[in-house]
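The following note sets out some remarks on the charged residues and helices of the structure shown here.

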Amino acid sequence: CGPCRYEHPELMRLARSKRVRIVGYNWKDDPTQALEWLRTHGNPYVHVVVDQGDETARKLMVIGTPHHILVDEKGVIRWARTGILDREMLKYQLLPALASIERSR
């Protein structure tokens, strides 16, 4: 999707930081095409989950794309947002939530 393409460089930078392991969530897109796109543009994900239906989306309360969820090492969702992960969201929302998790270790 267009928003996913827009935020891709931010995900690549975040993956290179090694502060988090990013899991991709392919919701209703063709898995082969999605993996080919990642091979071409870079893959920030340690794993890509494929959900052709809505089962996982319902469990994770995904209401739109792109959707981002920060999960701590105990499996607790510590932050979730729907929308483009741009530098502002990264700086003012996601990274502070991540820092909170890191401080609590």
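1. A salt bridge is taken here as a side-chain nitrogen of Lys or Arg within 4 Å of a carboxyl oxygen of Asp or Glu. By that criterion the structure, which is a predicted model, holds eight salt bridges.

2. In helix α1, Arg-13 and Glu-10 lie three residues apart, about one turn of the helix, and their side chains form a salt bridge with an N to O distance of 2.7 Å. Glu-10 is buried, at 8% relative accessible area, whereas Arg-13 is partly exposed at 35%.

3. Helix α1 (residues 2-17) also contains Glu-7. This residue is buried but has no salt bridge, and Arg-13, the nearest side chain of opposite charge, is 11 Å away. Beyond its sequence neighbours within four places, Glu-7 contacts Pro-66, His-68, Gly-83, Ile-84 and Leu-85.

4. Glu-36 is partly exposed at 41% and Arg-39 is exposed at 58%. At the start of this helix (residues 31-41), a side-chain oxygen of Asp-30 comes to within 3.1 Å of the backbone nitrogen of Thr-32. Gly-42, with a positive phi near 105°, follows α2.

5. Glu-55 and Lys-59, four residues apart in helix α3 (residues 55-60), form a salt bridge at 3.3 Å, N to O. Glu-55 is partly exposed at 48%, while Lys-59 is exposed at 63%.

6. Met-89, in helix α4 (residues 87-103), is buried at 12% relative accessible area. Residues up to four places away in sequence aside, Met-89 touches Trp-79, Arg-81, Gly-83, Ile-84 and Leu-94.

Methods. Residues are numbered from 1 along each chain as its sequence is written. This is a predicted model: local features need pLDDT of at least 70, side-chain atom pairs count only at pLDDT 80 or more; totals for chains, interfaces and linings use all residues. Side-chain values use heavy atoms; hydrogens and water are left out. Helices (H or I, at least four residues) and strands (E, at least two) are DSSP runs, numbered from the N terminus. Buried means under 20% relative accessible area, exposed over 50%, partly exposed in between (1.4 Å probe, protein chains only). Contact means heavy atoms within 4.5 Å. Lys and Arg count as positive and Asp and Glu as negative; His and the chain ends are not counted. A polar contact is a pair of N or O atoms within 3.5 Å; within protein, one must be able to donate a hydrogen and the other to accept it, and residues adjacent in sequence count only if both atoms are side-chain atoms.
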